[in-house]
Amino acid sequence: MGTIHVMEHPLIEHKLTLMRDKRTGTKEFRALLQEVAMLMAYELTRSLPLAEVTIETPVTNAQFRVIAGKTLALVPVLRAGLGMLDGILNLIPAAKVGHVGLYRDHDTLQPVEYYCKLPSNLQERDVIVVDPMLATGGSASAALTVVKRHGAVHPKLMVLVAVPEGIKKIQTDHPDVDIYTAAIDEGLNEKGYIVPGLGDAGDRLYGTF
């Protein structure tokens, strides 16, 4: 079973609290989301493998360590996942980026894939699927299915806020996937919104209320 990692860093908690506040405007919300994503990426990448290399400093030759293997692949789920992308790229500018677009069918309520463009050689990369909210888990589960279909092995899921319902969905559909989140909230209301949550992340990010 995949592991749930709750990133209880003081800076993450502080910025997430500001994002939850309904008085926080679009510009500030967007900046905070990028900052939190960067802080979360810092924690998530702690286990990246390292390899020793020899370099010449201004003083002498010496051995040091660099990240080994292929670069990371970041896969934001359109559209809200894009709001986290720049923050992560500020920390890991060499990461490859793919996109998965999903919408919910009004009749079946199931996610439908409408766009997919992914980096090559996913099987050789550490793949991180990025989406701010893990609510019902349907979209995140579908996105993980897509990246696995294209070769990803043990992808990770990074979300801002999760609830038990969404976590259960991912653990059922993708028991190999580790989930990284800044907070686990109480649950979903009758409209499917996270409580207490922060509203619709996409609407608050782009001002489309």
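Me: Which elements each supply at least two residues of the lining of the largest pocket?

Reply: Rolling a probe the size of a water molecule over the atoms shows where empty space is left. On a 1 Å grid over the protein atoms alone, a pocket is an open set of points where a 1.4 Å probe fits, with protein on both sides within 12 Å along at least five of seven lines; lining residues have an atom within 4 Å of a point. Here, strands S4 (73-78), S6 (99-104), S7 (111-117) and S9 (133-134) each supply at least two lining residues, and so do H4 and helix H6 (201-206). Helices (H or I, at least four residues) and strands (E, at least two) are DSSP runs, numbered from the N terminus.

This is a predicted model: local features need pLDDT of at least 70, side-chain atom pairs count only at pLDDT 80 or more, and totals for chains, interfaces and linings use all residues. Residues are numbered from 1 along each chain as its sequence is written, and side-chain values use heavy atoms, with hydrogens and water left out.

Me: What is the volume of the largest pocket, and which residues are the closest to its centre?

Reply: The volume is about 1000 Å³. A volume is the space filled by probe spheres set on the points, which are joined across faces, edges and corners. Of the 30 lining residues, Arg 104, Asp 131, Ala 135, Ser 139 and Asp 200 are the closest to the centre.

Me: How many residues of each class are in that lining?

Reply: It has 16 nonpolar, eight polar and six charged residues. Ala, Val, Leu, Ile, Met, Phe, Trp, Tyr, Cys and Pro count as nonpolar, Asp, Glu, Lys and Arg as charged, and the others, Gly among them, as polar.

Me: What about the second largest pocket?

Reply: It holds about 210 Å³ of space. Its lining includes Thr 45, Lys 70 and Leu 91. By class, that lining has seven nonpolar, three polar and one charged residues.

Me: How do I read the packing of H4 and H5?

Reply: Two packed helices are described by the angle between their axes and the distance between the axes. Axes are lines fitted to C-alpha atoms, for helices over the stretch in contact (heavy atoms within 4.5 Å). Angles run from 0 to 180 degrees between N-to-C directions. H4 (residues 138-149) and H5 (residues 164-173) pack at about 25°, with axes 9 Å apart. They are therefore roughly parallel (under 35 degrees). Gly 138, Ala 140, Ser 141 and Leu 144 in H4 meet Lys 169, Ile 170 and Asp 173 in H5.

How values were computed: Angles under 35 degrees count as roughly parallel, over 145 as roughly antiparallel, 65 to 115 as roughly perpendicular and the rest as oblique.
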